[in-house]
Amino acid sequence: MKTYQNYIGGRFTDASTRNVVDVFNPASEEQISTVADSSVEDVREAVEAAASAQLKWERLPAIQRAGHMRRIASGVREKAEHIARVISEEQGKPLGLARVEVGFAAEYIDYMAEWARRIEGEIVTSDRPNENIFVFRKPIGVVAGISAWNFPFFLAVRKMAPALVTGNTIIVKPSDQTPNNTVELAKVVAEAGLPAGVFNVVTGSGSSCGKALTTHPKVGLITFTGSVATGARIMAAAANNVTKVNLELGGKAPAIVLEDADLDLAVQAIKASRVTNTGQICNCAERVYVDRKIVDAFTAKLCATMKTTTYGDPLEDSSIDMGPLMNRHELERVAGMVDRAVSDGAKVLLGGKRGNRTKGFYYEATVLGNCRQEMDIVRTEIFGPVVPIVVVDGLDQAIEYANDSELGLTSSIYTGNLNAAMRACNELRFGETYVNRENFEALQGFHAGWRKSGIGGADGRHGLYEFMNTHVVYMQHKGAAA
Ligand code: NAD
C-alpha cells in the first residue's frame, strides 16, 4: 500500500494527525493508497510556510519566476508516463486521455510562464497638475487552490501556474478522491528546485482540511474548482475574513442542433462530449436541443456512433473509450437520474444501464429520447455518459430552453447558417459558446461561468489577473517652472 505525504515548506512531511483518507481505484475497487486527512494544525503550518516565502518570491524578477516554472514543466514532461498512470489508476480515465492531461498541464505551465514579461499596469491621466496616476498589478499573497477529481493534475496546475508567475505562493488541496497525482506534482516541484514554501500540498477531506484553508485569515485568494454546493459553502466560509473567491463550478451545457447542421460533425462532437472522461467534464454537452425536422436523422446517427463506445479498465486495455465513473456514489447517482427520467417519460434509445463487469463503477453510453425541458435530467448536471435529447421548433425555442438554466458555463450550436450562429452568440447567456466544434476550452481563452457556474474564471490574460490586486498610486511631482 502506498502512502503519500504532505509537501510543506519544501519538505515531504507526515501530518500531525493519524486520520487518513483511503484512495481507491474505481476500475478494480481496490485500495491504492492512504493520504493524511490533514488537520487545522497541518493547514496552519502550510499557510505559514507559504506566507513566509511570499515576499521573497514576489521580489524575484518575474522572468526568474518563469525560469523556475519552465523547469517544473520539463520535469512534468520527463515524468509524464508515470504521472499519467497514477492519474488513470486513481481517477479511472483511459491512459491516452491521462497522457493528454499531463501534456496539456506542462503546456499550461509554459504558457503562464510566457506572461512573465507581459504583466502590465496602466498610467492614467490625472485631473490635477503635476500628477501621474499609476495602476500597478501586484500579487495577492497566499493563494489556496482547492480542486475537483475529474482532471486532477491539470486542475492543480491551473491553480499553481498563474499564482506563481504573478508572485503569489500557493497551497493546493487536491480532491480526497484523487490526491496521489498532486503529490507527484510536488515531487517534480521539489526536484526542480523551487524555493521552499512557494508551492505546498496538503491532502485531506473538504470538511477538515478544505475548511481550515478557507477560514485561514492569511489566505488572500481561494481558487476553487468543484460543485455548486461546495462553492456556496466556500463563499460562506470565506465571508468571515472577506477573502476573495474564484469559483469554477458545475455546468449544464446545452448543444443546439439546427436543421441545416452538418449532422456527422454534430454527432461526433456530442459523442466526444459525453464519452470523454466518461462524461465527467464540466463544460461538455449535457442536454441536446434538436430541431424537429431533423431529429430522427440526428438520433439515428447519434445512437449508431454512441453504440461503438467501448469501456473497461484503463490500465488493462489502452484501446477503450471510457473508464469507470469516479466512485460508487457517482454510479448510483447517474443510474438514479436515468431511472427517474425513464419514469418521467424519457425513452432509452441506447444503454440506460450499468456496465457488464464484475468490478468497477461502469455505466454504459446512453441516449435518452422524449425528454422534456422540465425533467430533472435536462436541468441538473449529470456528469456521466448520458445524452438527453429534447425536440425544439427552431432557433427561438432552442435559445429560450438553453438559457432556462441556473448554470451558465458553456454552450454550443451546430448550424451552417451564419445568421443563426451569430444570433446564438448574441443571445446565449453562457461564459462560452462553441460553434460547430466540440466543447474544449483553450488555455489562452477565459473559462468563466455565469449564474451558479461560478465567479471569476481561469486561463488567458483575464485568468491571470484574478491572481492580482490593483494598487493605484497618485504621484505628485514638481512641474516645470511657471
Ligand atoms: P466537490 O465540490 O465535491 O469537491 C471539490 C473539492 O472541494 C474537493 O477537493 C473537496 O475535498 C473540497 N471540499 C468539499 N467540501 C469542502 C468545504 N466545505 N470546504 C473546502 N473544501 C471542500 O466537487 P467534485 O465532486 O470533486 O467535482 C465535480 C464538480 O466539479 C462538478 O460539479 C463539475 O462540474 C465541477 N467542475 C467544474 C469545473 C470548471 O472549470 N467549472 C472543472 C471541473 C469540475
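**Close-up views of the ligand site and selected residues**

View 1. A polar side-chain atom of His 447 lies 2.9 Å from an oxygen atom of the ligand. The protein covers 87% of the 860 Å² of accessible area that the ligand has on its own; accessible areas come from the Shrake-Rupley method with a 1.4 Å probe, and for residues only the protein chains shown count as cover. Backbone atoms also take part: a backbone N or O atom of Gly 226 is 3.3 Å from a ligand oxygen, and a polar backbone atom of Gly 206 is 3.4 Å from an oxygen atom of the ligand. A polar contact here is a pair of N or O atoms within 3.5 Å (within protein, one must be able to donate a hydrogen and the other to accept it, and residues adjacent in sequence count only if both atoms are side-chain atoms). The model is predicted, with local features needing pLDDT of at least 70 and side-chain atom pairs counting only at pLDDT 80 or more, while totals for chains, interfaces and linings use all residues. Residues are numbered from 1 along each chain as its sequence is written, and side-chain values use heavy atoms, with hydrogens and water left out.

View 2. The ligand sits in the largest pocket. The elements giving two or more residues to the shell around the ligand are helix H7 (206-214), strand S11 (221-225) and helix H8 (228-239). Helices (H or I, at least four residues) and strands (E, at least two) are DSSP runs, numbered from the N terminus. H7 provides the largest share of this shell, three residues. Of the 28 residues around the ligand, those that come nearest are Ser 147, Ser 227, Thr 230, Leu 249 and Glu 381; a residue is near a molecule or strand if one of its heavy atoms lies within 4 Å of it. A pocket, on a 1 Å grid over the protein atoms alone, is an open set of points with protein on both sides within 12 Å along at least five of seven lines, whereas a cavity is a set where a 1.4 Å probe fits but cannot get out; lining residues have an atom within 4 Å of a point. A molecule sits in either if more than half of its atoms lie within 2 Å of its grid points.

View 3. Ala 421 is buried at a relative accessible area of 10%, whereas Asn 426 is exposed at 59% (buried means under 20%, exposed over 50%, partly exposed in between; 1.4 Å probe, protein chains only). Not counting residues up to four places away in sequence, Ala 421 touches Thr 415 and Val 435, contact meaning heavy atoms within 4.5 Å.

View 4. Glu 122 lies in strand S6 (residues 122-125) and is partly exposed, with a relative accessible area of 41%. Leaving aside neighbours within four places in sequence, Glu 122 is in contact with Ile 133, Phe 134, Val 135 and Arg 137. Asn 130 is found in the loop between S6 and strand S7 (131-139) and is partly exposed at 35% relative accessibility.

**View 5. Asparagines with positive phi.** Most residues other than glycine have a negative phi. Asn 130 has a positive phi of about 55°, and Asn 277 likewise has a positive phi of about 55°. Asn 277 lies in the loop between helix H9 (263-275) and strand S14 (285-291) and is buried, with a relative accessible area of 1%.
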